[in-house]
Amino acid sequence: MIIRTATRRDLPAVIALLADEETVVDPLTVEVDEAYERAFQAIDADERNEMIVLDEGDGTVLGCLQLTYIPGLGRHGQERALIEAVRVRADRRGAGLGRKLLTWAIDRARARGCTLVQLTSNKRRTAAHRFYDSLGFTRSHDGFKLAL
């Protein structure tokens, strides 16, 4: 297993992971349109954003997450890391891959000097919540979203 920064070649597999977390979506069936291309290019070009993939070692993407570094005046000017879009392929869950991926992301944020790692999770994803609890995350805040 290799954890690495995603490349453009990984984009269909990442989109497939994000499309449906309950089933395995074949990346060959995913349409990579201009909006996905633009978003990936923006992430790739921004030093404060990383799209990370868990690669089986042969180029097969088994998991992903986006890591964003946020500067701020809170916490005495220290950066925080935001983890988003966490997915492990449905047929590979339960084997420790998510733990490996999240532990890697936490270690990366720590090495960068971040003093806090935060994430949000849909209230319906109760299994994911148990997983995040097991990694030491605490439910300290309520999140709010406003669709525009």
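How do β3 and strand β4 (residues 80-88) pair, and over how many bridges? Select both: β3 and β4 run in the antiparallel sense, joined over seven bridges. Two strands pair here if DSSP finds at least two bridges between them. Helices (H or I, at least four residues) and strands (E, at least two) are DSSP runs, numbered from the N terminus.

Before going on, note that this is a predicted model, where local features need pLDDT of at least 70, side-chain atom pairs count only at pLDDT 80 or more, and totals for chains, interfaces and linings use all residues. Residues are numbered from 1 along each chain as its sequence is written, and side-chain values use heavy atoms, with hydrogens and water left out.

**Stop 1: the strands**

Keep β3 (residues 61-70) selected. Nine of its ten residues are buried, so β3 is largely enclosed by the rest of the structure. Buried means under 20% relative accessible area, exposed means over 50%, and partly exposed lies in between (1.4 Å probe, protein chains only).

Click on Cys64 in β3: opposite it stands Val53, and its bridge partner in β4 is Arg87. Then look at the five residues between the strands in the hairpin of β2 and β3, where Gly57 takes a positive phi near 115 degrees.

**Stop 2: the cores**

Next, select Leu65, Leu67, Ile83 and Leu102. These have the most contacts inside the largest nonpolar core, which has 23 residues. A nonpolar core is a set of buried Ala, Val, Leu, Ile, Met, Phe, Trp, Tyr and Cys residues joined through side-chain atoms within 4.5 Å. The elements giving two or more residues to this core are β2, β3, β4, α4 (97-112) and α5. α4 gives the most, with six residues. There is also a second, separate core of 14 residues, and Ile15, Leu17, Phe40 and Cys64 are among them.

Zoom in on Ile83. Leaving aside neighbours within four places in sequence, Ile83 is in contact (heavy atoms within 4.5 Å) with residues including Leu65, Leu102, Ala105 and Val117.

**Stop 3: a buried Glu**

Where is Glu79? Look in the loop between α3 (74-77) and β4. Glu79 is buried, with a relative accessible area of 14%. Show side chains and you'll find that of Glu79 making a polar contact with the side chain of Arg112, at 2.8 Å. A polar contact is a pair of N or O atoms within 3.5 Å; within protein, one must be able to donate a hydrogen and the other to accept it, and residues adjacent in sequence count only if both atoms are side-chain atoms.

**Stop 4: two helices**

Select helix α5 (residues 126-134) and highlight Ala128, His129 and Tyr132, which are buried. They cover an arc of only 100 degrees around the axis, so they sit on the same side of α5. That arc is taken from the directions from the helix axis to the C-beta atoms. What covers the buried residues of α5 includes β4 and β5 (116-119). Just after α5, Gly136 takes a positive phi of about 100 degrees.

At the start of α2, a side-chain oxygen of Asp33 reaches to within 3.1 Å of the backbone nitrogen of Ala35. Is Gln41 buried or exposed? Gln41 counts as exposed, because its relative accessibility is 53%. Lastly, pick Arg8: Gln41 and Arg8 are 33 residues apart in sequence, and 8.4 Å apart in space, C-alpha to C-alpha.
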